[in-house]
Amino acid sequence: MRVYNFSAGPAVLPEEVLKKAASEMTEYGGSGQSVMEMSHRSKEYEAVHDNCAALLREVMGIPDNYKVLFIQGGAHMQFEMVPLNLMVKGKADFVVTGQWAGKAHSEAKKYGTANLIASSKDKTFSYIPELDSASFDKDADFFHICENNTIFGTKFKSLPETGNVPLVSDMSSCILSEPVDVSKYGLIYACAQKNMGPSGVTIVIIREDLIRDLSDTKFPTMLQYKVYDDNNSLYNTPPTYSIYMCGLVLEWVKNNGGLAAMKVKNEKKAAILYDAIDNSKMFSNPVNKPDRSLMNVTFVTGNEDLDKKFIAGAKAAGLVNLGGHRSVGGMRASIYNAMPVEGVQALVDFMKKFEEENA
Ligand SMILES: *Cc1c(COP(=O)(O)O)cnc(C)c1O
């Protein structure tokens with residue numbers, strides 16, 4: 001029996017997608033082989049690869065002057081690749097709203113000046129700081145945000161006004177959750193294993209003019225965006241099966257109304273869960289209300305033992321992976337696109353029952 005999986009990532013995938021992958025596992029199309037077994041240089045695989053990129057373009061409405069790249073190394077490698085490739089003048093602005101944003105900021109310090117524009121560390125990253133664009137460096141190479149904070153459950157509801165400075169966004173845990181205007185960004189990156197597919201591939205959407213030619217430098221080949229772009233992300237063997245799975249997820253998103261419909265469903269699920277928390281005497285959500293994430297909902301009872309009892313009881317009831325990130329504790333329900341409304345309803349019902357029994 002399948003459980004309701006609230007993991008932050010790798011996370012739940014649509015059951016239809018898993019079933020389709022299962023049906024194609026041993027023989028894909030007319031190829032007589034699994035996608036896993038295909039040469040990455042074969043015509044069959046290339047169609048899978050190009051289909052995934054084309055679907056991402058279609059679903060996100062990516063303008064023609066942006067490239068879609070498939071890279072390995074997770075979002076973590078983008079903490080390095082972004083400053084390495086984009087720091088021409090050697091300075092960039094950062095907003096630190098959580099652990100991932102903090103890591104991106106720390107890594108960038110190795111390569112240039114990484115200005116800290118604002119941080120919400122003073123209140124355990126429970127809010128998104130107000131930004132004053134007068135404090136931004138007008139001459140920076142880029143401005144970095146982590147748009148949805150997977151660990152603490154906050155989300156930027158409006159984007160910083162960075163003018164001509166390219167906005168770089170870590171969208172790992174919110175990509176495909178709602179429509180976005182890609183033209184507002186210089187670069188978007190997202191590891192797949194939150195809301196797009198299995199782990200193994202990270203998607204980079206980069207404005208063409210930000211792709212630098214670094215070929216006659218000592219710069220590591222595999223860390224140059226241009227190498228991925230010049231080779232259709234096939235310079236070396238890409239994570240072929242992960243890319244195939246992302247293609248199936250994107251097809252599912254498209255067939256289920258696209259990003260506008262995802263947003264409606266995600267708002268509905270989040271409202272059910274936040275309402276239950278707000279109406280409870282036992283559970284509370286530490287996040288500043290306007291900054292609440294639609295994807296990652298954090299909550300606590302205020303008593304660590306009770307939190308543990310809740311997580312164990314929920315697991316026994318088929319509601320799994322509700323423990324908060326190892327650095328913060330408490331509970332976290334990640335309710336990505338693939339989490340059905342019924343899963344959130346089952347969680348809310350369990351919370352009510354738990355509160356009654358443990359009041
Ligand atoms: C999960 C996550 C990361 C880390 O991703 P890896 O693929 O493990 O490197 C970075 N940023 C955000 C916002 C995340 O949710």
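In the predicted model, a backbone N or O atom of Ala75 lies 3.1 Å from an oxygen atom of the ligand. The side chain of His76 places an N or O atom 2.5 Å from a ligand oxygen atom, and an N or O atom in the side chain of Thr150 is likewise 2.5 Å from an oxygen atom of the ligand. The protein covers 88% of the 390 Å² of accessible area that the ligand has on its own, areas being computed by the Shrake-Rupley method with a 1.4 Å probe. The ligand is surrounded by 14 residues, of which His76, Thr150, Asp170, Gln193 and Lys194 are the closest; a residue belongs to this shell if one of its heavy atoms lies within 4 Å of the ligand. Helix H3 (residues 74–86) supplies the largest share of the shell, 4 residues. By class, the shell holds 5 nonpolar, 7 polar and 2 charged residues. In this classification Ala, Val, Leu, Ile, Met, Phe, Trp, Tyr, Cys and Pro count as nonpolar, Asp, Glu, Lys and Arg as charged, and the others, Gly among them, as polar. Helices (H or I, at least four residues) and strands (E, at least two) are DSSP runs numbered from the N terminus.

Residues are numbered from 1 along each chain as its sequence is written. As the model is predicted, local features need pLDDT of at least 70 and side-chain atom pairs count only at pLDDT 80 or more, whereas totals for chains, interfaces and linings use all residues, and side-chain values use heavy atoms, with hydrogens and water left out.

Two helix pairs involve H7. Two packed helices are described by the angle between their axes and the distance between the axes. The axes of helix H7 (residues 258–278) and helix H9 (residues 341–358) come within 10 Å and cross at roughly 0°; H7 is therefore roughly parallel to H9. Axes are lines fitted to C-alpha atoms, for helices over the stretch in contact, and angles run from 0 to 180 degrees between N-to-C directions. Angles under 35 degrees count as roughly parallel, over 145 as roughly antiparallel, 65 to 115 as roughly perpendicular and the rest as oblique. In the contact (heavy atoms within 4.5 Å), Lys265, Lys268, Lys269, Ile272, Leu273, Ala276 and Ile277 of H7 meet Val341, Val344, Gln345, Leu347, Val348 and Met351 of H9. These residues comprise 9 nonpolar, 1 polar and 3 charged.

The axes of helix H6 (residues 240–255) and H7 come within 7 Å and cross at roughly 80°, and the two helices are therefore roughly perpendicular to each other. Trp252, Val253 and Lys254 of H6 meet Gly258, Leu259, Met262 and Lys265 of H7. This contact has 4 nonpolar, 1 polar and 2 charged residues.

Several loop residues were also examined. Leu294 is located in the loop between H7 and strand E11 (296–299). Although Leu294 and Lys268 are 26 residues apart in sequence, their C-alpha atoms are 9.3 Å apart in space. Neighbours within four places in sequence aside, Leu294 is in contact with Asn266, Glu267, Ala270 and Ile335.

The loop between strand E4 (113–119) and strand E5 (142–146) contains Asp137. A polar contact of 3.2 Å joins the side chains of Asp137 and Lys91; such a contact is a pair of N or O atoms within 3.5 Å, where within protein one must be able to donate a hydrogen and the other to accept it, and residues adjacent in sequence count only if both atoms are side-chain atoms. The loop between E4 and E5 also holds Phe125, whose phi is near 55°, a positive value in a residue other than glycine.
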